[in-house]
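This report describes one protein model from its overall dimensions down to single residues. Please keep the sequence and the coordinates at hand while reading.

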Amino acid sequence: MGKRVVITGLGVCAPNGIGLDDFTKALQDGTSGIRFDKQLEDLEFACQIAGEPQLNETLINQYFTPLQLRGLNASGILYGVIAGTDAWKDAGLSIAEKEAPDWDSGIIFGTGILGVDKFRESTHLVDSKNVRRIGSTTVLQTMASGISAYLGGILGCGNQVTTNSSACTTGTEGILMAYDRIVSGKAKRILTGSCSDSGPYVWGGFDAMRILPRKYNDNPTKGSRPMSASAAGFVPGSGAGALILESLESAQERGAKIYAEVLGGAVNSGGQRGKGSMTAPNSHAVQRCIREAVESADIQSADVDAINGHLTATSKDPTEIKNWAKALKRDGKDFPYVNSFKGLFGHCLAASGSIESVGAVLQFRKGQVFGNVNCDDLHTEILELVDEEKIPRKTILHSAKIVAKASFGFGDVNACVIFKAFND
Amino acid sequence: MTGTEHYQKLHDIIKIYLPEDVSAEHISEESHLINELNINSANLVDIVLDVEDAFDIRLENEDMDQMETVKDALRIIDSKLSDK
């Protein structure tokens with residue numbers, strides 16, 4: 001029997017709130033973090049709205065030394081360090097002494113692509129035959145594992161320190177990687193999370209694919225419409241979420257507060273076979289992933305009280321709901337409560353799974369299921385499967401015992417994790 | 001620019017790269033950048049770039065190799081400026 005795993009710390013740097021207090025309030029109240037983006041307008045993007053965390057210098061200076069900030073031009077590192085350090089502190093953990101690392105603590109902090117703006121800077125220098133002017137931190141800011149490397153150095157972690165990358169499943173996958181490492185006794189605790197850079201060089205490719213909404217530039221907060229009949233594409237976002245996963249025995253020894261238990265989960269791929277492709281999920285794989293997650297957690301599908309979906313606000317949302325309904329064999333009034341936080345901050349890509357997991361777990365703390373926005377016109381195919389009351393349009397009081405969170409990503413990859421309210 | 005101004009300018013560049021446990025008061029003309037001020041060798045690359053910008057000069061690899069102490073750096077800066 002492997003070790004039980006609990007969540008003892010959370011941190012978040014989201015477009016609609018930095019820090020747990022602001023983020024919780026924004027989710028409870030339905031406060032949007034999606035804004036008009038002047039730079040996207042100047043560059044003639046079709047979609048000129050985005051969800052970007054609102055950082056300022058005072059805040060940044062609390063997390064970075066002047067030396068670390070020298071030439072730092074990687075927004076994902078800013079977001080990831082803020083969320084990761086906050087989660088560490090929230091768990092009541094201390095920073096390792098100067099002479100030796102904390103061998104029991106590791107980091108699995110993912111990203112899709114890192115330091116894009118820094119990379120652009122160096123590309124210009126290289127092309128103008130000025131490679132010698134690139135400086136010493138370009139490599140550290142643009143290597144994918146830059147984020148785990150920065151956090152690892154700040155906190156002094158001596159267990160596994162790595163970065164996973166699986167497109168938009170990255171954050172949720174990372175939670176399960178951390179879970180596995182703790183269950184097997186290889187680490188006492190892992191800081192897991194994910195981050196995603198902001199800006200046109202990250203989002204441009206999606207604009208070119210014509211999968212971002214184009215008609216909400218004058219009305220940004222209405223642009224992200226998960227589960228709605230008028231869903232018009234996902235709003236690009238950025239940020240970071242972070243969770244401390246820890247063995248139950250370590251948490252209890254430390255007297256740490258416990259947000260929830262991680263019961264298990266599953267990851268798989270549709271192999272880009274059947275109806276799966278590089279960009280579209282194979283529904284059989286999605287259903288299988290959800291079923292395997294339920295089995296791994298040793299619960300019945302009837303036990304799932306609430307779902308926090310991937311639900312990006314594209315035409316695929318009804319397909320996702322169908323997959324949940326089939327996998328759990330539940331529909332109508334029997335369907336669990338379901339929400340998508342993307343209506344409030346868009347699709348934060350590699351960061352989405354971790355930011356949304358932080359939100360999903362906060363629901364236990366508040367005894368609430370946070371409300372959906374921009375879906376008063378629910379998609380008819382969704383209404384055929386799910387009773388309207390299961391898709392709350394306002395935050396409701398409901399003490400869920402089991403919350404399932406899933407993320408799906410390009411490359412036909414899937415991840416589903418099962419969280420449980422902790423009471424022992 | 002006088003010698004004192006050069007020193008002050010260099011001092012202000014170097015102090016950013018000091019590790020947390022070395023204060024700017026430790027910087028003197030005699031200080032060895034790596035051995036005494038504990039500056040990370042990767043950061044020497046950045047100090048060179050900052051010096052290039054601040055004094056509008058260009059430093060070559062061999063200049064960098066000779067730049068062990070603050071005094072060495074000042075000597076190299078002066079010679080580059082007089083060559084201009």
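## Basis of the report

The model is predicted; local features require pLDDT of at least 70 and side-chain atom pairs count only at pLDDT 80 or more, while totals for chains, interfaces and linings use all residues. Residues are numbered from 1 along each chain as its sequence is written, and chains are lettered from A and ligands numbered from 1 in the order in which they are written.

## Overall form

Chain A contains 16 helices and 15 strands; these are DSSP runs numbered from the N terminus, with helices being H or I of at least four residues and strands E of at least two. Its radius of gyration is 20 Å, close to the 22 Å from the globule rule for 424 residues, so chain A is as compact as a globular protein of that length. The radius is taken over C-alpha atoms, and the rule is 2.2 Å times the number of residues to the power 0.38. Along the principal axes, the C-alpha atoms of chain A fill a box of roughly 60 × 55 × 40 Å.

Of the 424 residues in chain A, 57% are buried. A residue is called buried if 20 or more other C-beta atoms lie within 10 Å of its own, exposed if 12 or fewer do, and partly exposed in between, with C-beta atoms placed from the backbone. Among contacts in chain A with a separation of 6 or more, 81% join residues 24 or more positions apart; a contact requires C-beta atoms, placed from the backbone, within 7 Å.

## Two domains

Chain A is divided into domain 1 (5-254) and domain 2 (264-420), with bounds that come from an automatic or database domain assignment. The C-alpha centres of the two domains of chain A lie 22 Å apart. Across the boundary, 57 residues of domain 1 are in contact with 55 residues of domain 2.

On the domain 1 side, the elements that give two or more residues are β1 (5-14), α1 (20-29), β4, β5 (105-111), α9, β7 (189-196) and β8 (239-247) of chain A. The largest share, eight residues, comes from α9(A). By class, this side of domain 1 has 26 nonpolar, 28 polar and three charged residues. Here Ala, Val, Leu, Ile, Met, Phe, Trp, Tyr, Cys and Pro count as nonpolar, Asp, Glu, Lys and Arg as charged, and the others, Gly among them, as polar.

## Strand β15

Which residues of β15(A) are buried on each face? One side carries A:Val413, A:Ala415, A:Val417 and A:Phe419, the other A:Asn414, A:Cys416, A:Ile418 and A:Lys420, and all are buried. Thus eight of the eight residues in strand β15 (residues 413-420) of chain A are buried. In a regular strand, side chains alternate between the two faces of the sheet.

Strand β9 (residues 260-269) of chain A runs antiparallel to β15(A) and is joined to it by eight bridges; strands pair if DSSP finds at least two bridges between them. In this part of the model, A:Glu261 stands opposite A:Lys420 of β15(A). Strand β14 (residues 402-409) of chain A also pairs with β15(A) in the antiparallel sense, over eight bridges, and A:Phe408 stands opposite A:Asn414. The hairpin of β14(A) and β15(A) has three residues between its strands, and A:Gly411 there takes a positive phi near 95°.

## Helix α13

Helix α13 (residues 317-328) of chain A has twelve residues and reaches 17 Å from its first C-alpha to its last, close to the expected 16 Å; the expected span is 1.5 Å times one less than the number of residues. Nine of the twelve residues of α13(A) are buried, including A:Ile321, A:Trp324 and A:Leu328. Their cover includes α12 (283-296), β10 (306-308) and α16 (380-383) of chain A.

A:Lys326 lies in α13 of chain A and counts as partly exposed, with 17 C-beta neighbours inside 10 Å. The C-alpha atoms of A:Lys326 and A:Arg288 are separated by 9.8 Å, with the two residues 38 apart along the chain. After α13(A) comes A:Lys329, whose phi is positive, near 55°.

## Positive phi in two loops

A:Glu44 is not a glycine but has a positive phi of about 60°. A:Glu44 is found in the loop between α2 (38-42) and β4 (49-51) of chain A. With 8 other C-beta atoms within 10 Å, A:Glu44 is exposed.

A:Ala167, likewise a residue other than glycine, has a positive phi near 50°. The loop that holds A:Ala167 lies between β6 (161-162) and α9 (170-183) of chain A. Is A:Ala167 buried or exposed? A:Ala167 is buried, because 21 other C-beta atoms lie within 10 Å.

Key: Two residues are in contact if their C-beta atoms, placed from the backbone, lie within 7 Å.
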